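Hi,

Here is the structure I promised to pass on. Have a look at it, and then read my notes below.

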Amino acid sequence: LQSATFYLELNEKKDPIFKNTKIRQAVSMAINRQEYIKKVLNDSSIAANNVTPQGLFAKNGQDFSKAATKAESSTVKYDPAKAKQLWTEGLKETGQTNPTLELLTDDTTNAKRSAEYIQSTLQQNLPGLKVTIATVPFKTRLSRSQNGQFDMVISAWSADFPDAITFLDLFTSDNSYNDGKWANSEYDALIKQSKTTDATNATARWNTLLKAQELLTKEQGVVPLYQRVQTTLQRKTITGLKYNPTNSYDFVNAKVK
């Protein structure tokens, strides 16, 4: 498992329709992550229930991402009937009909195939929605994301250090990497609490970050898609080599027989 998660960001500033929680949840529940991985990625990636990846952060042998996967995980479960219901209700609440939204992605073959799958499943499961695709070079995708020049964009983040905060911090209302501009005052308060009041209490901090992750997932502030997995070969003569949660190798205790 690599500590890298791919997700959809929905631009609430450009498209007020995404301020509606039901709309965001509908987008998420219209995506069959298992099918997407099998048919499009065709690798060992795993479906992401949360934006925080598995294997990154643990306490007393308990994995943070798995601990955060509770009832809120229903918002990332493929459920086209529920997605249609939420979508229809959300459209009524926002006064929208037959929206057309652009999905921004990189111009690589895999990125194009991913975009086409998401386009197809969203249009199939969300009545009246039309999705167009914009494929651009990586640097252009980054600049357009940062400048808010998108409706939906496939983004990714890889851990800088082995702690859930390296992902959860991204989606506070004032973080420059929060391209979708999702904002939730309760979420902001929880992240702040983890850095202040709970900073020196590992258990309290863990519980606070769990609440933040569960809130982010329930609200679908971003729509998690999958966690990347990398396959490697290692000679039997090499021992003590470790793979760190931050996607790097630790050669400190490595030995060759």
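A word on terms before the helices: axes are lines fitted to C-alpha atoms, for helices over the stretch in contact, and angles run from 0 to 180 degrees between N-to-C directions. Helices (H or I, at least four residues) and strands (E, at least two) are DSSP runs, numbered from the N terminus.

Keep in mind that this is a predicted model, where local features need pLDDT of at least 70, side-chain atom pairs count only at pLDDT 80 or more, and totals for chains, interfaces and linings use all residues. Residues are numbered from 1 along each chain as its sequence is written, and side-chain values use heavy atoms, with hydrogens and water left out.

Overall, the protein has 9 helices and 12 strands. Of its 257 residues, 48% are buried (under 20% relative accessible area, with a 1.4 Å probe and protein chains only).

Now the helix pair. Helix α2 (residues 33-41) packs against helix α5 (residues 109-125) at about 140°, and their axes are 10 Å apart. That makes α2 and α5 oblique to each other, since angles under 35 degrees count as roughly parallel, over 145 as roughly antiparallel, 65 to 115 as roughly perpendicular and the rest as oblique. On the α2 side, Glu35, Tyr36, Lys39, Val40 and Leu41 meet Arg113, Ser114 and Tyr117 of α5; contact means heavy atoms within 4.5 Å.

Finally, look at threonine 166, which sits in helix α7 (residues 165-168). Threonine 166 is buried, at 5% relative accessible area. Beyond its neighbours within four places in sequence, threonine 166 touches Leu56, Trp157, Ala159, Asp160 and Phe161.

Cheers

Technical notes:
Buried means under 20% relative accessible area, exposed over 50%, partly exposed in between (1.4 Å probe, protein chains only).
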